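Please walk through this structure with attention to confidence, to one helix and to one strand residue.

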Amino acid sequence: MIRNFAVVGPWQAARDRLTAALAAAPDMAVYRIGRGADPLPVSATFDPSDQPGCRSLLDWFERGAPSGAVLLVDDWRLCFEQDPGLDRVVEWIAAFGPSRGVQVVVTARDWNDLPDRLRRQLHGEATDFLALHGVDTDLGNKYQRHDLKAAVGVDERGWPVYLDISVDGDGLTGTYLGPHRGQKLLSALLGLMVTHSPEDLNFGFFDMRSTGIFDGLSAAPHVSFALKSEDEDELFERFQEGLAGELDRRQQLVHTKGRCRNFTDYQERLDAGDDLDPLAALLICVDSAEVLIERHPGFQNVLEALTRAGRVLGIHLLYSGDAFPAQLPFKIPEWPSATPPYDFAEWAEMLPHALAGSAPPAHQIVLPPLHKSYADLTLEMLPPGALGLVDKPFEQRRDVLVPGFTEELRHGAIVGKPGTGKSTTLRTLATVLGDDLARCQLLDGPGEPLDPQRHIVVTARSWDQVPPFIRNSLAFGIEFRLDDPATSLVDARQAARVPDRPGFCLSVPHRLHAQIALP
């Protein structure tokens, strides 16, 4: 069956495709409207500026060129600029030519170059992944989009099918992609990465069956986080808190600071030059969300909140898996029907690395735990008066730990098993207090004579060794690894996660993980 088609992509890729097609049918008589030296085996070439010659050729095709003739319009944009009436004539030939054995072939650098009426008569064909997404081979025109839209594959006629993650359903922001999802996901995610800047769009990945579905993508500067099922429970809990904090952060920026109705208003004001904090859209991809919820039930509330409020705040959810998670009490639109035209494994290895360093990296939803960040923290690394650092995953930051004695909260305690750094912390505190040290009594152990007129700080192996009047008036408390985490003054589960290494602890009253600096 004779079929008209359009070859879309970079010049050399289109040449290679046409050369292969013409070599497979050597008896075809190809008449080309185009420009420049070309090794294509054509019967005749007409420069698009030669309007009389081109018009004669088109008239010949309209009158009934012999069976086997091919009209090749090579570089549609160039040809159409020379002859604005070209679309109507070529559309007519494309509509009636195949029944007479006459074929129309069009090349274009971009899908949008081709008029809609003509596209209905042509079978589309992208020469490679970049052509499918409208990006040059050298990535010179990457990051040109702001519509959160990318091709996910092609329809039955070969034309791109797009996913627009900003389109919601019944007030919800999200899309569901079912089984056989690997290539489909790669098509869309790589396309979004190549055409959208990290300053406009960030990604987060949950691979809850460790299938490797997002492998390789984390090298791109767009990626804020990537978790797999085998990651530690502590890390998942940090992200549960961090995502809730991200929702709060965006509410504060959009509604409170920006005084905007929604994320779109905020972005428009940013583009207009208003003094607002940059805020990228965030696409969170959750593969097998039911596993995430079963393992960490608290994520159900987080995912619901993100899905319901996301579009207003620029957060979009992409759920994938064998079935939409039954635990979530809503339905969202399904992925558009499309077929990926390529195997994207090679592109997934290459493109994220090619994009590295091309823009500032994505906003970090959660910072690494303190025990994975600093081998040695010293006072020289902190501002004056600070004793250490406090980890605040909800606020997505770290704060300094400052001992704040008052008349009501007069005392302090440093508690932990032997070898956790209690004596060293006491020396650090003495250095930090400086001239105020005279008003304090620092005791390495709880049993020495106490001066109730001064601020008292003691060390102890357990909290029951700390005198009650000190526990009831704690200006600050440091809880290192305990012999028995169940005796924690903060939380038994958190106490069990304190590293059995000097300097790492829980802070009272913050009830957060902290690290004490070396003196």
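A residue is called buried here when its relative accessible area is under 20%. By that cut-off, the buried residues of helix α11 are F299, V302, L303, E304, L306, T307, G310 and L313. An α-helix has 3.6 residues a turn, so residues three or four places apart point the same way.

The chain has an average pLDDT of 91, and 98% of the residues score at least 70. Among the elements of the chain, the lowest mean pLDDT, 86, belongs to helix α1 (residues 11-23), and the highest, 97, to strand β10 (residues 201-207). Where pLDDT is low, the predicted coordinates should not be read in detail.

Helix α11 covers residues 298-313. With 16 residues at 1.5 Å a residue, helix α11 should span 22 Å, and this agrees with the 21 Å between its end C-alpha atoms. The helix also has a kink of about 40°, centred on T307, and T307 is among the buried residues of α11. Just after α11, G314 has a positive phi of about 80°.

What do the buried residues of α11 pack against? Their partners are the strands β10, β12 (281-287) and β13 (315-320), together with the helices α8 (233-257), α9 (263-271) and α10 (289-295).

Strand β10 contains N202. N202 counts as buried because its relative accessible area is 5%, which is under the 20% cut-off. Leaving aside residues up to four places away in sequence, N202 touches H222, A280, A281, L282, L283, A362 and H363.

Definitions and conventions. Residues numbered from 1 in each chain as written. Predicted model: local features only at pLDDT ≥ 70, side-chain atom pairs only at ≥ 80, totals over all residues. Heavy atoms only, no water. pLDDT = per-residue confidence, 0-100. Helix = DSSP H or I, 4+ residues; strand = E, 2+ residues; numbered from the N terminus. Expected span 1.5 Å × (residues − 1). Bend = angle between axes of the 7 residues up to and from the residue. Buried < 20%, exposed > 50% of the residue type's maximum accessible area, 1.4 Å probe, protein only. Contact = heavy atoms within 4.5 Å.
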